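Reader: I would like to learn how to read a model feature by feature. Where do we begin?

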Amino acid sequence: QVQLVESGGGLVQPGGSLRLSCTASGSILNIHAMGWYRQAPGKERVLVAAITSGGSINYADSVKGRFAISRDNAKNTVYLQMNSLKPEDTAVYYCNAVLDSYYRRNYNYWGQGTQVTVSS
């Protein structure tokens, strides 16, 4: 089995910062990519940022210049540093990993989600 455990969400004022962390554990052979998605109430889940094992990074246009994704391959952990937060960043943030386990190849795994609320 594979688990993704997220931490770091919470309530922050506009202009503030938060850092999300997500660690993958379990029967992992190889992680191809890790990333963050978010889902606001009544909206679809969308990509925020993703990073491959080789270090290639992709950001949603709405967060470019404000968010930074990074990864510690040795710890199977991905981070999302979120700066200059806006009310429209309010959402449940989900960690995602595309990985090979002992049971599946190139499979998408999801964390349980962490709430980020930006409000004064």
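Author: With a cut-off. A disulfide is a pair of cysteine sulfur atoms within 2.5 Å. In general terms, a disulfide is a covalent bond between the sulfur atoms of two cysteines. Keep in mind that this model is predicted.

Reader: How many disulfides does the structure hold? Which residues does the disulfide join?

Author: There is one disulfide. C22 is joined to C95, with 2.0 Å from S to S. C22 sits in strand β3 and C95 in strand β9 (residues 91-101), so the bond ties together parts 73 residues apart in sequence.

Reader: Which handedness does the disulfide of C22 and C95 have? Are C22 and C95 buried or exposed?

Author: The torsion about the S-S bond is about -80°, so the disulfide is left-handed. Both C22 and C95 are buried.

Reader: Now the sheet. What is the order of the strands in the open sheet?

Author: First the general idea. In a regular strand, side chains alternate between the two faces of the sheet. Here, four strands form an open sheet in the order β1-β3-β8-β7, paired antiparallel. β1 (2-7) and β7 (67-72) stand at the edges with a single partner strand each, so one side of each has no neighbour in the sheet. From one strand to the next, the twist averages 15°.

Reader: How many bridges join β1 to β3? Which residue stands opposite L4?

Author: Six bridges join β1 to strand β3 (residues 18-26), and the two run antiparallel. L4 faces A24 in β3 as its opposite number.

Reader: What does β9 pair with?

Author: β9 pairs with strand β10 (residues 107-110) over four bridges, in the antiparallel sense. V98 stands opposite N108 in β10. Look next at the hairpin of β9 and β10. Five residues lie between its strands, and N106 takes a positive phi near 50°.

Reader: On to the rings. How many aromatic pairs does a search of the whole structure find?

Author: Again, the general idea first. A pair of aromatic rings is described by the distance of the centres and the angle of the planes. The search of the whole structure finds two pairs. In one, the rings of Y37 and W110 have centres 5.0 Å apart and planes at 70°, so the pair is edge-to-face. This pair links distant parts of the chain: Y37 is in strand β4 (residues 28-39) and W110 in strand β10, 73 residues apart. Y37 is partly exposed at 24% relative accessible area. W110 is partly exposed too, at 37%.

Reader: And which geometry do Y107 and Y109 show?

Author: Their ring centres lie 5.0 Å apart and their planes stand at 65°, so this pair is edge-to-face. Y107 is partly exposed, with a relative accessible area of 36%. Y109 is buried, at 11%.

Reader: Where does the charged end of R104 sit? Where does that of R19 sit?

Author: The charged end of R104 sits over the ring of Y107, 4.5 Å from its centre. The charged end of R19 sits over the ring of Y79, 4.1 Å from its centre.

Reader: Last, the core. Which residues touch the most other members of the largest nonpolar core?

Author: W36, L80, M82 and Y93 do, in a core of 31 residues. Strands that each supply at least two residues include β5 (46-52), β8 (77-82) and β11 (114-118). β9 gives the most, with five residues.

Conventions:
Residues are numbered from 1 along each chain as its sequence is written. This is a predicted model: local features need pLDDT of at least 70, side-chain atom pairs count only at pLDDT 80 or more; totals for chains, interfaces and linings use all residues. Side-chain values use heavy atoms; hydrogens and water are left out. Two strands pair if DSSP finds at least two bridges between them. Axes are lines fitted to C-alpha atoms, for helices over the stretch in contact, and angles run from 0 to 180 degrees between N-to-C directions. Buried means under 20% relative accessible area, exposed over 50%, partly exposed in between (1.4 Å probe, protein chains only). Rings of Phe, Tyr and Trp (its six-membered ring) pair if their centres lie within 6.5 Å; planes under 30 degrees apart count as stacked, over 60 as edge-to-face and the rest as tilted. A charge sits over a ring if NZ of Lys or CZ of Arg is within 6 Å of the ring centre and within 35 degrees of the ring normal. A nonpolar core is a set of buried Ala, Val, Leu, Ile, Met, Phe, Trp, Tyr and Cys residues joined through side-chain atoms within 4.5 Å.
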